[in-house]
Amino acid sequence: MGTRFNIVDWRWLAAFTDAEGSIVLAKNFEKRPSQINVRWYQSENQIELLWAIKDFLDEKGISNYWYANESNTNFRATALVWTLGVSGVASCQVVLKGIRPFLISEKKIERADKALEVFNGYKGRVYTKASKCRKGHDMTKPKNIYTRPSGARQCRVCMQEVERNRKRDRRKVAI
Ligand SMILES: [Zn+2]
């Protein structure tokens, strides 16, 4: 493959989203923000554009993406259409914040704003949901909370415990 030139920045991605993308707000997205995702489509002969977007997402530390291909329903062309999608609260939030200032399509601006509103509210709700983990550790203290990229909360004390046990077991094996 030839050299990859990086044409993608937030402005470019916003224009691409306006033209060849969608911001999907699936059923119950207001209660389940994981139902929100961002997708870009491209026919197989132009798939390089999706790779370029993927490289850009990598640069931004976004790892929660996926690919799909399907025979065409939206276009008349017979070429296979590829989809690059981003899922997960944290990843979608970064993408939508990045493209929002440059979006032109009113429909997409409206969707981006709805999604960002849900994400903002979601953080607060999740944070105060459970005051204790299953083992009874205090989860009102931010230092005890690890937030996964999906937005789900995890008890840091339990995580550390698991890590300690794993190290101990490894030592046993080594002996
Ligand atoms: Zn715990």
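**Close-up views of a predicted protein model**

**View 1. Threonine 147 in its strand.** Threonine 147 lies in strand β5, which spans residues 145–147; helices (H or I, at least four residues) and strands (E, at least two) are DSSP runs, numbered from the N terminus. The structure is a predicted model, in which local features need pLDDT of at least 70, side-chain atom pairs count only at pLDDT 80 or more, and totals for chains, interfaces and linings use all residues. Residues are numbered from 1 along each chain as its sequence is written. Threonine 147 is partly exposed because 16 other C-beta atoms lie within 10 Å; a residue is buried if 20 or more other C-beta atoms lie within 10 Å of its own, exposed if 12 or fewer, and partly exposed in between, with C-beta atoms placed from the backbone. From threonine 147 to alanine 90 the C-alpha to C-alpha distance is 9.6 Å, although 57 residues separate the two in sequence.

**View 2. Strand β2 and its partners.** Strand β2 (residues 36–43) is mostly covered, with six of its eight residues buried. Two strands pair if DSSP finds at least two bridges between them. Strand β1 (residues 21–25) pairs with β2 in the antiparallel sense over five bridges, and β2 pairs with strand β4 (residues 81–86), also antiparallel, over six bridges.

**View 3. Tryptophan 40 and its bridge partners.** Tryptophan 40 in β2 is the bridge partner of glycine 21. In β4, leucine 84 is the bridge partner of tryptophan 40.

**View 4. The protein as a whole.** Five helices and six strands are present, following the pattern α-β-β-α-β-β-α-α-β-β-α along the sequence. Of the 175 residues, 21% are buried.
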